[in-house]
Amino acid sequence: MADKVREFDSEYLKQKRELRRKRQKQIQYSVFGVLLFFILLILIYMFTPLSKISSVEIKGNNNVSKSDISKAINVKDDSRMYTYSTSKAEKKLKENTLVKDAKVTKHFPNKMTVKVTEDQIVALIKKKDKYVPITEDGTELENFQDSVLDDGPIIDGFDKERKDKIIRQLAEMPAKVRGLISEVKYDPQPNMQNQVKLFTTDNLQVVGNLNTIGSKMKYYPQMSQSLDRDESGNLKKAGLY
């Protein structure tokens, strides 16, 4: 009887071990199959047009042309997603004097986004026979050849120290307000050495202080509508900020 029990146990354990081996092989085959499938997908992606960069969306540019951005990022017909360096593209974009920051992002499977943050052009200054754009940090773009959309007002009569001050004040203004100003002149008076005069696009003149005009002008759009004008539409009395 004991021999029969031992024989039964031995046969049972043998079958159990066999089933375990079969399950292990099935798991191994499944894992191998999944890995092989993913390897094939990766190879298909890498060596077919699917991984070539098919489109680039450019955002945030106003004064930097799309052609200049495209030239800087240098995406070619055979550029592939997995070899293209976004860090090099960002570094190249930041070499442009108007680009404050740049972010290049890949989107699977083959698209890319370029987002640039520009330095604002807040003023123009006449030098010889041309007007030179000035950015918010005071940089004069003497070699700038492209047309500008946000060019700001012409500034006139400022020495270097006062020019730096008026640039900071213009940079403080909202772009919409700054766009309403056509010219800013240094206009000192005996008892007001910091006086400036602003000429607006709606034919008004605003007198202000060089040190505070930036924060005060944010109220200009509302105030200009409430000021008294003569029959020709001109302001009867200059505003003082």
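Entry 1: I began with K160, which at 62% relative accessibility counts as exposed. For my own reference, buried means under 20% relative accessible area, exposed over 50%, and partly exposed in between (1.4 Å probe, protein chains only). K160 meets D164 in a salt bridge, 3.3 Å from N to O. I use that term for a side-chain nitrogen of Lys or Arg within 4 Å of a carboxyl oxygen of Asp or Glu. D164 is partly exposed, because its relative accessibility is 26%. Helices (H or I, at least four residues) and strands (E, at least two) are DSSP runs, numbered from the N terminus.

**Entry 2: ground rules.** I noted that this is a predicted model, where local features need pLDDT of at least 70 and side-chain atom pairs count only at pLDDT 80 or more, while totals for chains, interfaces and linings use all residues. Residues are numbered from 1 along each chain as its sequence is written, and side-chain values use heavy atoms, with hydrogens and water left out.

Entry 3: How many salt bridges does the structure hold? I find ten. One of them pairs K163 with E140, with the closest N and O atoms 2.4 Å apart. This pair links distant parts of the chain, 23 residues apart: K163 lies in helix 4 (residues 160-172), and E140 in the loop between strand 5 (130-135) and strand 6 (154-156). K163 counts as buried, because its relative accessibility is 13%.

I also checked D101 and K94, whose closest N and O atoms are 3.5 Å apart in a salt bridge. D101 is partly exposed at 38% relative accessibility, and K94 is partly exposed at 42%.

**Entry 4: the largest pocket.** Its volume is about 190 Å³. A pocket here is an open set of points on a 1 Å grid over the protein atoms alone, where a 1.4 Å probe fits, with protein on both sides within 12 Å along at least five of seven lines; lining residues have an atom within 4 Å of a point. The lining includes A72, R80, Y84 and K92. Helix 2 (66-73) and helix 3 (86-93) are the elements that give two or more residues to this lining. Which element gives the largest share? I noted helix 3, with three residues.

Methods:
Points joined across faces, edges and corners; volume = space filled by probe spheres on them.
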